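Open the model in your viewer and keep the sequence panel beside it. The tour goes from one selection to the next.

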Amino acid sequence: MIKSMTGFGRAHQIINGREVLVEIKSVNHRYFEFNARVPRTYGYLEEKLKSYIQGMVSRGKVEVSVSIYTLEGTDAEIEINSTVAKGYVQALRNVKEELQLQDDLSLSTVARFPDVFNVHKVIEDEEVIWASVQPVVQEALDQFLEMRTVEGERLKTDLLAKLDEIEQMVAVVEEQSPKTVAAYQERLFAKLQEVLENQEIDQARILTEAAIFADKVAVDEETVRLHSHLEQFRQLLQSDQPVGRKCDFLVQEINRETNTIGSKATDLEISKIVIDQKSVIEKIREQIQNIE
């Protein structure tokens, strides 16, 4: 089943005292391009995210956003700087005695002084953090891949319809091409009759000229290759592997054979079919730019 390169997924969970929010989105890109936005203190997660997602996504410009909130202050340790606190208390009591003030010192008063508390950021284990983030990433990734799959199925349906449309056009060209030679032979015979009037017309010469013309305008090889390319394209659309680049190559080949038929065409109907066929091919080309 083919996949689109456009997708979005979002997940939110609280795991191990951490609130984790993950968003994944992607757009078209020729190759796999990855960009992550994570909190500065969790920068090491970027490489883990890239490796994890790249294992499931082969093409597209993928952006991942991760937010992590630690609940209940478990990410920090707070210590009392006893030396500083004692210094403040002693200094205030000295002033109290010197100025004969009332001693109304309290814990809340001391706690408001600068540098009384030392706050240390807890060094967190990377694997523990990843264990909290990975399930949320997977949930978002499941949504993301599901969206790409649904969009891919829609693209597949549309492309198959367009391939059938081209197949029908090729069939008309195959039917019309022999008539072009017969019409040329009739025109040649009529022209010679007009020029030579009552003189005898060399039938062998007419047949030779018609054969030369038929060889110049023959499109059998091109139509056979077109049928082959169209069948290969259908097979690719049934694959569960990334096929975007292969589809792009086949579209180039289909366009090349169509151009050759157009260059050989002397019949107005075939020329019109070639124009319509190139229009459908261009629509296919646009569609496959979104296939992984």
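**Strands and rings**

Start by selecting strand E2 (residues 18-27) and strand E4: the two pair in the antiparallel sense over 10 bridges. Helices (H or I, at least four residues) and strands (E, at least two) are DSSP runs, numbered from the N terminus, and two strands pair if DSSP finds at least two bridges between them. Residues are numbered from 1 along each chain as its sequence is written. This is a predicted model, in which local features need pLDDT of at least 70, side-chain atom pairs count only at pLDDT 80 or more, and totals for chains, interfaces and linings use all residues; side-chain values use heavy atoms, with hydrogens and water left out.

Now pick Val-20, which stands opposite Ile-68 in E4. Colour the whole of E4 next: 8 of its 11 residues are buried, so the strand is largely enclosed by the rest of the structure. Buried means under 20% relative accessible area, exposed over 50%, and partly exposed in between (1.4 Å probe, protein chains only).

Glu-33 has Lys-61 as its bridge partner in E4. From E3 the chain passes through H1 to reach E4, a β-α-β crossover that is left-handed. A crossover is right-handed if, with the strands pointing away from the viewer, the path from the first strand over the helix to the second runs clockwise.

Which residues of E3 are on its covered face? They are Phe-32, Phe-34 and Ala-36, while Glu-33, Asn-35 and Arg-37 make up the uncovered face. In a regular strand the side chains alternate between the two faces of the sheet.

Turn to the rings: the structure holds 4 aromatic pairs. One of them is Tyr-42 with Tyr-44, edge-to-face, at 6.3 Å centre to centre and 70 degrees between the planes. Rings of Phe, Tyr and Trp (its six-membered ring) pair if their centres lie within 6.5 Å; planes under 30 degrees apart count as stacked, over 60 as edge-to-face and the rest as tilted. Tyr-42 is buried at 5% relative accessible area, and Tyr-44 is partly exposed at 23%.
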